[in-house]
Amino acid sequence: MGIPRDKCSSCAITDLMNDVQRHRRPAIWLGAGFPLLVTVVAVGLQLSWWGDLPDPIAVHWTGNTVDGFGSKVMVPWATAILALVFPLIMTVAVLAALDRGSRGPNLRFMISVAASFAVIMATLLTGSLYIQRGLVDAADAGSIGPVVLASVVGGVVAGVIAWFLQPRQETVVGGEQATPLEMSPSERAVWASEIGMTPALIIVVGLGTLMSAVAAVMIWINGDRVVAIPLTVTAVVIAVLVFGYSRARVMVDERGLTVKPVIGWPRFHVPVEEIEAVETRDVSGLAEFGGYGFRWIPGAFGVILNRGEAISVTRSNGRRFVVTVDDAATGAGLLQAYAQRRG
Amino acid sequence: MLIRIDPGSATPIFEQIADSVRKQVASGELAEGARLPSARDVAESLGVNLHTVLHAYQVLREEGLVEMRRGKGATVTGQAAAMASLAADADQLRRKAQALGVSDEALAALIRGR
């Protein structure tokens, strides 16, 4: 007597839960536990040297010479934010993607980056204090070079180890095949939707733009051309990216799927004859594409302006094209109907 | 938003385009401020004449359902909420008319004549 078939549907659910746990656990340990440990050790070391440190301390070097000073109180706080909060944000995004059923080397990589980033930032900040112990005037601090080198080496080592401590992940995209829209053979349709970053995201990027613009202007006035030029270029590039690419139009018609940013270029198009499969799914830009905007990752290209519903198209060459858009089911349904109409 | 047309239907194409928009306004899928795709894009996508799409948008504008602004294109007006709130009543009235054997045309004429 075997187990009745209907009873074993629970086996599948248990397997699924085990699989989620198998990936969640290392992600939590490496992406949250490890950065926490690193931060505690780093801040502990920083505080143990507290009495020996000058105040203000050196915070910026050009070549081997100190050219920027700041309050030493900033260092432990910066360590907590950069070595702990940043990795945590990445890890939370990855965990959410794992829970949704997504798997892939990109998720594994994000956790490695989180572990690596924690080591780089903690080493850099703690090292900058280490070389200033016993100084009366921070201007006498030696070169930061060895500290930078140590942080990069430490970061790479931590990232590589974190990569190999995680289980392999075959790319699984937790999507749902689109239901074709019902259409009579003579019928034609177009589906159009506007996509855009949320105001909050625009404000964050917009503030960044404003700051780099202000910095650029100030440095032009103070006359350091070498620094002013790249800063100005950065400010202009960010401004163009924010205001030109924060909104786009997605269209599905007889010819396929088209995404066109408000400034008109570049236009992304997937012709209907190249469509292998159409799916709808939930996307977290940070976890799966490493951020927002136009994103290239192995095997996929995404126009990811916000998180949530997305149309995911697999092309005949196996690559995926993903665009986050509201009411993805209708757009995907029309695309599926046209793809099937072609045969 | 979805615009569907059937060139085989007796209803003129511009009317079918306007109907698609009206239907989504009534169902609440298109709310105030929603932007319609440019007439040029719609015309290219559906393979119809640009003037046909402009005609449809013009009809919707005359009904007060959309407004045209320079640079912003056609957007759905505040009238959308009113239309959506009338949709359920209209359905009910239509069902009652059908039960009584009154055609849609006769019902529309009744409303227009009052």
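Three salt bridges are found across the interface of chain B and chain A in this predicted model. In one salt bridge, the side chains of B:Arg4 and A:Glu187 meet at 2.9 Å, N to O. Polar contacts across the interface of chain B and chain A number 12 residue pairs, both residues at pLDDT 80 or more. On the side of chain B that touches chain A, the elements giving two or more residues are β1 (2-5) and α2 (39-46) of chain B, and α2(B) provides the largest share, five residues.

The contact draws 17 residues from chain B and 21 residues from chain A. Together the two chains bury about 1600 Å², of which 44% lies on carbon and sulfur atoms. B:Leu2, B:Arg4 and B:Ser45 account for 34% of the area that chain B buries against chain A, more than any other three residues.

Strand pairing occurs both between the chains and within chain A, as tabulated below.

| Strand pair | Sense | Bridges | Residues standing opposite |
|---|---|---|---|
| β4 (188-196) of chain A and β1(B) | antiparallel | four | A:Ala189 and B:Arg4 |
| β11 (308-315) and β12 (320-324) of chain A | antiparallel | five | A:Val313 and A:Phe321 |

Within chain A, six strands form an open sheet of mixed pairing, ordered β3-β8-β11-β12-β10-β9. Helix α8 (328-341) of chain A lies across β3, β8 (275-283) and β11 of chain A, running at about 170 degrees to β8(A).

Terms used:
Residues numbered from 1 in each chain as written. Chains lettered and ligands numbered in written order. Predicted model: local features only at pLDDT ≥ 70, side-chain atom pairs only at ≥ 80, totals over all residues. Heavy atoms only, no water. Pairing = 2+ DSSP bridges. Contact = heavy atoms within 4.5 Å. Axes fitted to C-alpha atoms, helices over the stretch in contact; angles between N-to-C directions. Buried area = accessible area lost by both parts, 1.4 Å probe. Salt bridge = Lys/Arg side-chain N within 4 Å of Asp/Glu carboxyl O. Polar contact = N/O pair within 3.5 Å; in protein donor to acceptor, adjacent residues only side chain to side chain.
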